[in-house]
Amino acid sequence: MFIDVIWPAVYTDLLAPLDPHLTPGFTSQFDPGHMAASTVGGKIYALPHAGNVAGLYYRQDLLIKYNFNGPPKTWAELENMMTVILPAEKNSGNTKLWGYIGQFAPYEGLTCNLMELLGTAGGMIEPDGSLSIVKDPSKRQTVLNAMTMLRRWFALGYIPPNGLLAREDQGRKLFQSGEMLFMRNWFVRPWLSISEGTAAIAPMPAWSADTPGYATNGAKYLGVNKKTKNMTRAVQALEYLTSEDQSWWWARAMGQLPTQKHLLQSTISSQHTPTAAMISRPSAQTGAKYPQVSAILYTHWHNMLAGLYGPEQAIEKLTWDLADLLNINLLGAPLLVEWTSPVGISVSILHVIAQAFLVHVALPLLRGRKQWSREQRRASPPLILALLFGLFIFNTWSLVFLGEQFPLTCALRPVIPGLAWALVLAIMAVQDLQVYLIMWSPLRTVAMTVNKQLRIFLAGSQLLQWLLTGVYLLLSRPMPRIVKIGRQFQYVGCMLDSTAHVDGGGELASLALVMVAVLMFLNVWLAARMSMVSNLKAMHRVPIIRVVYLILMLALIAILMAALDSLNPTVRALIASGVTLIHTIGVTRLYVLPRLAPSGSSTSLAWMGDTHAAGGGVSAAKVLPHRLGSSIRNSRGGPSSIASESSREMSLAKLSDAFVCRVANSERRLELLPMLPCLLTVMRDSSVLVIVERGEGTPRFRHVVNLANELESVKATAQQACKGQVTQSLKLVFRNKLRIELACSGQVGTVVSALIGEWKSELGDYVEAAEPSSGSETRRAETGARPSHVSTMGAVTTVVTQANA
């Protein structure tokens with residue numbers, strides 16, 4: 001294979017190493033500079049066949065005319081000669097003469113030119129692959145001087161404007177036509193013939209008199225395909241073609257330069273060759289990346305010469321582009337947030353604060369069922385504890401950014417927010433979904449199945465989240481990697497096998513967050529449906545505000561995860577810890593605390609200690625500080641009566657504790673409320689229905705309701721049977737839109753039916769009394785006018801009522 005000097009290092013995967021097959025000592029005859037270009041990793045992949053180097057062509061006649069003793073030895077001398085000769089020649093009428101031409105088009109030829117300018121700087125890339133302009137400030141200055149010099153020559157008109165597009169042949173034509181004073185080009189003897197004057201060739205100039213000039217190695221090489229079957233014969237042929245006799249013949253017959261040391265130093269060869277130090281392009285140092293290295297070099301040099309940016313900017317761009325390509329670290333040690341650093345301690349403190357807040361909130365629920373208040377029991381403590389546990393998990397997210405990174409911490413970065421948010425959002429959806437199912441279904445039918453459905457939903461959503469997380473971990477296998485953030489800093493981050501950043505939320509990492517997005521959508525949809533119900537804000541914990549908050553928090557977390565790549569690790573850790581703390585406080589304040597300690601605006605759903613008075617401005621009564629049970633003779637399924645000396649001003653017509661009940665201001669709102677055990681009392685003389693909540697400790701009033709002229713209808717529902725129990729209820733509708741449902745159940749349907757019928761008959765009298773007839777007047781005369789107040793004796797609290805007009 002006949003290949004250029006740069007290709008042995010590029011195509012090591014196609015060329016066979018020659019060392020095991022070469023005759024011992026065969027390579028010692030070649031010039032070391034030629035052999036260095038074909039030696040990669042200590043192995044020889046090709047042998048030099050024909051040499052070539054660049055030289056400085058010059059107009060010998062013009063240098064003699066202006067009293068210069070010889071060609072320039074340094075670049076400063078060359079510029080001085082142009083400064084003297086060009087103005088003088090233009091004044092004498094030679095306006096076509098230019099000073100210098102090389103190969104300045106953006107291609108490989110420009111790389112060869114700049115290698116000669118940067119010979120003393122090591123050609124920018126050292127043999128060990130490092131950047132000379134980074135390691136040695138003096139070499140960086142050499143590069144800056146070379147750029148500045150060429151930029152100045154273009155500005156002064158020493159180089160023609162179309163020189164930016166010049167290649168070898170364009171420069172040759174200008175020189176041979178007599179329009180160029182100096183030309184950098186490959187050594188070709190016929191190019192010394194020009195149309196007017198005399199030409200000569202000299203070594204390339206140096207930067208100072210005590211340093212050599214450099215010429216780029218342009219030799220051609222011979223190699224052997226690694227798939228060659230008869231490698232021994234192929235190498236023997238290669239040794240013959242690159243032998244001293246063959247090189248001597250090619251030099252005499254074809255004008256090519258030999259590659260053997262003593263032939264290069266011979267008298268005949270030295271007469272044809274400019275004697276300068278040889279420099280090779282950095283193909284051996286960069287291997288298969290050399291084409292990209294060369295493209296970076298000639299692109300930035302050409303843009304600098306064209307004036308797109310200055311020499312300083314060009315050096316900066318060159319340095320960073322080469323470092324990125326060759327994986328050279330210019331950013332120092334990777335940034336790491338240590339646990340013992342100030343930032344690490346701050347993150348740990350914020351983490352402890354967030355977790356302590358959750359423990360404080362959860363503590364009342366951890367005392368046991370017997371210690372739970374009515375509000376706590378109604379808030380579903382197991383679900384609230386599970387939600388707090390999800391927040392507890394999420395709070396650990398900021399800790400995975402601290403300290404040394406391991407595969408486990410890389411895997412946890414998207415897993416923690418995924419699992420935690422899936423649990424939190426699923427529990428929130430369960431609470432809203434329960435209300436939704438009750439609203440759009442008959443209560444007693446749903447009550448038997450809704451809890452089962454919600455448990456299936458909660459378990460299924462969590463199982464699906466765990467499955468998606470497992471798929472993500474199986475496919476991605478995130479591992480610690482050095483992540484570079486532009487030209488600013490680098491840190492130990494995490495990358496997938498597919499090289500997608502976990503920190504940046506790649507496609508695979510999004511698997512861990514799919515269920516979170518679905519649950520978020522479900523919460524938004526349920527909140528929208530709930531908002532259609534009138535007065536729902538007071539009953540249902542303002543779902544719209546909560547969902548808006550969740551959307552904002554999820555958007556913030558999504559932005560944070562997407563921006564993790566570009567954030568300084570210290571800033572990222574602080575932001576992550578702050579977000580977890582704010583998120584914990586926000587969710588707890590908007591969702592947990594209203595259920596555990598509801599405000600007075602949500603009395604019907606959560607606060608059982610308040611008393612509601614309904615109808616005609618009946619005022620609220622306070623808690624009864626006595627035990628009614630001691631004076632009540634309760635016959636389950638039948639009426640209960642009280643006889644007491646303290647009842648002179650309050651005649652109780654009927655009393656029963658066999659019911660469960662609920663009260664609301666609308667039919668739909670009524671369906672949202674749970675049925676609670678209660679004690680019913682009808683005070684005939686005042687036409688008042690008293691509903692007392694029946695529970696542990698002292699009984700408390702639930703509602704005091706005015707019956708006369710307010711009760712519009714009493715309807716009994718059909719009986720329903722389930723699991724051996726028969727259930728039937730009464731629905732009371734009032735003129736002021738108040739709704740009351742009284743339900744009882746038992747194993748014998750006739751007993752239930754009798755109790756319902758008895759109370760329907762009792763309450764139905766007040767429906768009749770509300771009709772404008774003489775019967776109503778008779779009824780009022782029998783029962784007496786309702787007093788403006790009702791007073792009880794002893795420890796019974798006073799109940800103040802107001803008659804309707």
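Okay, hi everyone. Before anything else, please keep in mind that this is a predicted model.

Let's begin with a sheet. Three strands make up an open sheet, in the order β1-β10-β4, and the pairing is antiparallel. Who sits at the edges? That would be β1, residues 2–4, and β4, residues 47–50; each has a single partner strand, so one side of each has no neighbour in the sheet. On average, and ignoring direction, neighbouring strands here are turned by 45 degrees against each other. If you zoom in on β4, you'll see that it pairs with β10, residues 220–222, over three bridges in the antiparallel sense.

Now a second sheet. This one is open too, with four strands in the order β6-β7-β5-β8, and its pairing is mixed. Its edge strands are β6, at 98–101, and β8, at 199–202, and each of them pairs on one side only. β6 runs parallel to its partner β7, residues 180–186, and three bridges join the two. Look for tryptophan 98, which stands opposite methionine 180 in β7. There's also a helix lying across this sheet: α4, residues 75–91, goes over β5, β6 and β7, and runs at about 150 degrees to β6.

Next, helices against helices. α7 packs on α14, residues 290–305, with the axes 9 Å apart and an angle of about 45 degrees. That angle makes α7 oblique to α14. What kinds of residues make this contact? Eight are nonpolar, none are polar and one is charged. From α7 you get Val143, Ala146, Met147, Leu150, Arg151 and Phe154, and they meet Trp301, Met304 and Leu305 in α14.

Okay, salt bridges. How many are there in the whole structure? A search finds 14. I'll walk you through a few.

Arginine 140 and glutamate 312 meet through their side chains, at 3.3 Å from N to O. The arginine is in α7, residues 137–156, and the glutamate is in α15, residues 311–326, so this pair ties together parts that are 172 residues apart in sequence. Arginine 140 is partly exposed, at 26% relative accessible area, and glutamate 312 is partly exposed as well, at 43%.

Now compare a local one. Arginine 172 and aspartate 169 form a salt bridge at 2.8 Å, N to O. Both belong to helix α8, residues 168–176, and they are three residues apart, about one turn of the helix.

My last one is arginine 662 with glutamate 741, where the closest N and O atoms are 2.9 Å apart. Arginine 662 is in strand β15, residues 652–664, and glutamate 741 is in strand β22, residues 739–746, so the pair ties together parts 79 residues apart in sequence. Arginine 662 is buried, with a relative accessible area of 3%, and glutamate 741 counts as buried at 0%. These two also belong to a salt-bridge network that links Arg662, Glu667, Glu671, Lys731, Arg739 and Glu741.

Technical notes: Residues are numbered from 1 along each chain as its sequence is written. This is a predicted model: local features need pLDDT of at least 70, side-chain atom pairs count only at pLDDT 80 or more; totals for chains, interfaces and linings use all residues. Side-chain values use heavy atoms; hydrogens and water are left out. Two strands pair if DSSP finds at least two bridges between them. Axes are lines fitted to C-alpha atoms, for helices over the stretch in contact, and angles run from 0 to 180 degrees between N-to-C directions. A salt bridge is a side-chain nitrogen of Lys or Arg within 4 Å of a carboxyl oxygen of Asp or Glu. Buried means under 20% relative accessible area, exposed over 50%, partly exposed in between (1.4 Å probe, protein chains only). Angles under 35 degrees count as roughly parallel, over 145 as roughly antiparallel, 65 to 115 as roughly perpendicular and the rest as oblique. Contact means heavy atoms within 4.5 Å. Ala, Val, Leu, Ile, Met, Phe, Trp, Tyr, Cys and Pro count as nonpolar, Asp, Glu, Lys and Arg as charged, and the others, Gly among them, as polar.
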